[in-house]
Amino acid sequence: MAKYLLLKHYRGAPAAVNDVPMDRWTPEELAAHVQYMRDFADRLVESGEYVDSRALSPEGTFVRYDGEGRPPVTDGPFAETKDLIAGWMLIDVESYDRALELAAELSAAPGAGGEPVREWLEVRPLLSDAPAGAE
């Protein structure tokens with residue numbers, strides 16, 4: 001078993017096929033999307049492949065150490081994860097191919113008009129679990 005992080009992006013990835021921003025979805029479309037995500041996670045719980053998942057708030061701050069006794073430095077002139085990453089799911093699967101299969105299925109969550117979003121998801125192995133040959 002190897003753990004993979006499936007990352008959902010606000011931007012930074014190629015555009016989704018159904019590329020209507022979530023803030024323009026109807027309440028029913030949003031509810032259907034969230035239910036799809038819950039049902040997907042429930043199936044992975046049953047199969048033993050689910051570890052955890054979270055949607056992320058759009059608020060966030062970069063912070064770095066700036067020396068002893070100095071206040072932390074926040075933000076900067078760079079892209080921030082609050083602008084890029086919408087959420088994540090951590091899975092524990094038998095193979096890289098299974099991680100890709102699940103990411104593709106997750107990409108089919110419904111969006112505007114009830115049509116699949118078909119968004120691009122980033123699949124990242126956890127470093128300690130990176131299998132040989134995975135890119």
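**Reading an aromatic pair and a helix face**

Tutor: By the ring-centre rule, this predicted model has 1 aromatic pair.

Student: Which rings form the pair, and how are their planes set?

Tutor: Two rings pair if their centres lie within 6.5 Å. Planes under 30 degrees apart count as stacked, over 60 as edge-to-face, and the rest as tilted. Here Tyr4 and Tyr96 have ring centres 6.0 Å apart and planes at 50°, so the pair is tilted.

Student: Where in the chain do Tyr4 and Tyr96 sit?

Tutor: Tyr4 lies in strand S1, residues 2-9. Tyr96 belongs to helix H3, residues 96-106.

Student: Is Tyr4 buried or exposed? And what about Tyr96?

Tutor: Buried means under 20% relative accessible area. Tyr4 has 0%, so Tyr4 is buried. Tyr96 has 25%, so Tyr96 counts as partly exposed.

Student: Which residues of H3 are buried?

Tutor: Ala99, Leu102, Ala103 and Leu106. They span an arc of only 100° around the axis, so they sit on the same side of H3.

Student: What covers the buried residues of H3?

Tutor: The cover includes S1, helix H1 (27-47), strand S5 (85-93) and strand S6 (121-125).

Student: Let's look at His33. Which helix holds His33, and is His33 buried or exposed?

Tutor: His33 is in helix H1. Its relative accessible area is 6%, so His33 is buried.

Student: What does His33 touch?

Tutor: Leaving out residues up to four places away in sequence, His33 touches Lys8, Met22, Trp25, Ala109, Pro110 and Val117.

Note on methods
Residues are numbered from 1 along each chain as its sequence is written. This is a predicted model: local features need pLDDT of at least 70, side-chain atom pairs count only at pLDDT 80 or more; totals for chains, interfaces and linings use all residues. Side-chain values use heavy atoms; hydrogens and water are left out. Helices (H or I, at least four residues) and strands (E, at least two) are DSSP runs, numbered from the N terminus. Buried means under 20% relative accessible area, exposed over 50%, partly exposed in between (1.4 Å probe, protein chains only). The arc is that of the directions from the helix axis to the C-beta atoms. Contact means heavy atoms within 4.5 Å.
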